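User: Hi! Could you walk me through this model?
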Amino acid sequence: MRGIITFLIGTLFVIVLTTVLLHEDEGEVITIGASSGPFADMATYALKPVLEDSGYSVEVIEYSDYIQPNNALANGDIDANLFQNVLFMDSYNEENNTELKNIIQVPTAPMGLYSGTFDSIESITSGSEVALPLDPVNASRGFLTLQDAGLITISEDADMFAIEEADIIDNKKNLEFIFQDAGQLPRSVDQIGLSLVPGNFALASDMKLEDALSLENMNEYFRNQIVINGEDAGSKMEEDLINAVESDEFNEVIDADFQGFDKPKEDE
């Protein structure tokens, strides 16, 4: 009987020791949520290798919308996410009483005005419909892109981060605005004829940035960020994520594989 007990204790010790050693070999796990397409690719091919060289084990989870990545982060299901700008994050925090924190900007694909009907800004006919993102922050980006293209004029009194249709003081082509979930916008290029598509959704749908009739002049507040939970502020994980984005290895991948992305000013 004593021999059996000794055997069982020894077996248990081996199992525990093996588990500990395996965990040490894997390193601390970081789970990063990212929107499908270029930002999931950025997390996988530019960010993950640098973090793994620092001793982490990295898992990238892809999301097809703008809601679940923040819900997952707030619930503790992931450690960081990569898909949103600081204004979108602030709006989510306010609406959900959360304390998500942006830690560093990343190169961002600009929003573009795409068309399956018109081949130039000048050829857009009066009364055409144009699809814009549903959420206020990205809708504002869309309106600003239309203004940069010379299609509308926005009141100087408008909140540039919460532009509404009522803020338009001159609609040169009498455009009709249709608001849709961001994931629907690539399909609206052909279905509606004109669509303002965030760069990540455009690239995820095999659209090319250079095919846009017009690209946004990106405000720094619209550049995407790596976001963590507020409770992780000041952690080694935060420091290592920042160092990874600032690394030469990360930026070499960006320059090679993410051409056309708008880079943060400190990287330009």
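Predicted model: local features only at pLDDT ≥ 70, side-chain atom pairs only at ≥ 80, totals over all residues.

User: Great. Is strand 1 mostly covered or mostly open?
Analyst: Strand 1 (residues 29–35) is mostly covered, with six of its seven residues buried. Buried means under 20% relative accessible area with a 1.4 Å probe, protein chains only; strands are DSSP runs of E, at least two residues, and helices are runs of H or I, at least four, numbered from the N terminus.

User: And which residue of strand 2 stands opposite I32?
Analyst: That's V60. Strand 1 and strand 2 (residues 57–63) pair in the parallel sense over seven bridges; pairing takes at least two DSSP bridges. Strand 3 (residues 80–85) also runs parallel to strand 1, joined by three bridges, and there A34 stands opposite L82.

User: Switching topic: how much space is in the largest pocket?
Analyst: About 340 Å³, counted as the space filled by probe spheres set on grid points joined across faces, edges and corners. A pocket is an open set of points on a 1 Å grid over the protein atoms alone where a 1.4 Å probe fits, with protein on both sides within 12 Å along at least five of seven lines; lining residues have an atom within 4 Å of a point.

User: Which residues lie nearest its centre?
Analyst: Of 20 lining residues, Y66, I67, F88, D135 and P136 do. Helix 4 gives the most to the lining, five residues.

Key
Residues numbered from 1 in each chain as written. Heavy atoms only, no water. Buried < 20%, exposed > 50% of the residue type's maximum accessible area, 1.4 Å probe, protein only.
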